[in-house]
Amino acid sequence: MKTLVVGVAGGTGSGKTTLTNALVDKCGGSPAVLYHDNYYKRQDGVPMDQRALVNYDAPEAFDNDLFVEHLCALKDGIAVDCPVYDFAQHNRSDKTVFVEPARVLIVEGILIFAEPEICRQLDIKLFVDTDADVRIMRRIKRDVVERGRSLKSVEKQYLETVKPMHELYVEPSKRKADLIIPDGGYNLVAMDMILNRIQREVG
């Protein structure tokens, strides 16, 4: 079974997950999904106040070796136990998610195009492009409401790491995309193009 790997990248709050969910809903055959966010490095034994200071928007924050190992295993038809990251605790949880191989594998993350070995594994590279003001508003809403962060901590993290890392790594990686999509999963024209391409590839 040949696996088509679709990469979905973009800045924080750009709509990557919306696009990923739309592809899962509309693409036949129940695609498998790997979220790069779940592969942040473990920080067992590191105090909470120090974990909160880590730059989570830099490539070295991720366990990319494990991510590539799991990605390649799925391409080879081997199921994996994907880690689950707890954003409120700034550490991996003890849970895992069993991911089975599929004809279509969707890989999502802010830095997947910035990592050469991950980028090499992608057959279709999609970049969700969204205005910075929209992205920061979404980030605030998500981190405060869903992840239990304080508004002050979200603002501090955005100014000190998120914004500079976006400019250093994420924005330049857009040049590696096959298709740049404004509005992500809400862009119906782009969705039709992507689904038609996937259908042609997997039959």
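Let me start with a term: buried means under 20% relative accessible area, exposed means over 50%, and partly exposed is in between. Take aspartate 63. Its relative accessibility is 23%, so aspartate 63 counts as partly exposed. One caution before we go on: this is a predicted model.

Stay with aspartate 63. Which residue does aspartate 63 form a salt bridge with? The partner is arginine 92, and the closest N and O atoms are 3.3 Å apart. Arginine 92 sits in strand β4, while aspartate 63 sits in the loop between α2 and α3, so this pair ties together parts that are 29 residues apart in sequence. Arginine 92 has 12% relative accessibility, so arginine 92 counts as buried.

How many salt bridges does a search of the whole structure find? Ten. Here is another. Lysine 174 pairs with aspartate 129, with 3.5 Å between the closest N and O atoms. Lysine 174 is in the loop between α6 and β7, and aspartate 129 is in strand β6, so parts 45 residues apart in sequence are tied together. Lysine 174 is buried, at 17% relative accessible area. Aspartate 129 is partly exposed, at 30%.

Glutamate 167 and lysine 163 meet side chain to side chain, 2.8 Å from N to O. Both lie in helix α6, four residues apart, which is about one turn of the helix. In an α-helix there are 3.6 residues a turn, so residues three or four places apart point the same way. Glutamate 167 is partly exposed, with a relative accessible area of 49%. Lysine 163 is partly exposed too, with 36%. There is also a network: Arg42, Asp44 and Asp94 are joined by salt bridges that share partners.

Now look at helix α6 itself. It runs over residues 151–173. A straight helix of 23 residues would span 33 Å, but α6 spans only 29 Å between its end C-alpha atoms. Where is the kink in α6 centred? On tyrosine 158, and the kink is about 50°. Tyrosine 158 is one of the buried residues of α6, which also include Val154, Met165 and His166. What do the buried residues of α6 pack against? They pack against β1, β6 and α5.

On to the aromatics. The structure holds seven aromatic pairs. One of them is tyrosine 40 with phenylalanine 87: edge-to-face, 6.3 Å centre to centre, 90° between the planes. Tyrosine 40 lies in the loop between β2 and α2, and phenylalanine 87 in the loop between β3 and β4, so the pair ties together parts that are 47 residues apart in sequence. Both residues are buried. Phenylalanine 87 has another partner, tyrosine 85. That pair is edge-to-face as well, at 5.1 Å centre to centre and 75° between the planes. Tyrosine 85 is buried.

Last stop: histidine 90. Its place is in the loop between β3 and β4. Most residues other than glycine have a negative phi. What is the phi of histidine 90 near? It is near 55°, a positive value in a residue other than glycine. Is histidine 90 buried or exposed? At 7% relative accessibility, histidine 90 counts as buried.

Note on methods:
Residues numbered from 1 in each chain as written. Predicted model: local features only at pLDDT ≥ 70, side-chain atom pairs only at ≥ 80, totals over all residues. Heavy atoms only, no water. Phe/Tyr/Trp six-rings, centres within 6.5 Å; stacked < 30°, edge-to-face > 60°. Helix = DSSP H or I, 4+ residues; strand = E, 2+ residues; numbered from the N terminus. Buried < 20%, exposed > 50% of the residue type's maximum accessible area, 1.4 Å probe, protein only. Expected span 1.5 Å × (residues − 1). Bend = angle between axes of the 7 residues up to and from the residue. Contact = heavy atoms within 4.5 Å. Salt bridge = Lys/Arg side-chain N within 4 Å of Asp/Glu carboxyl O.
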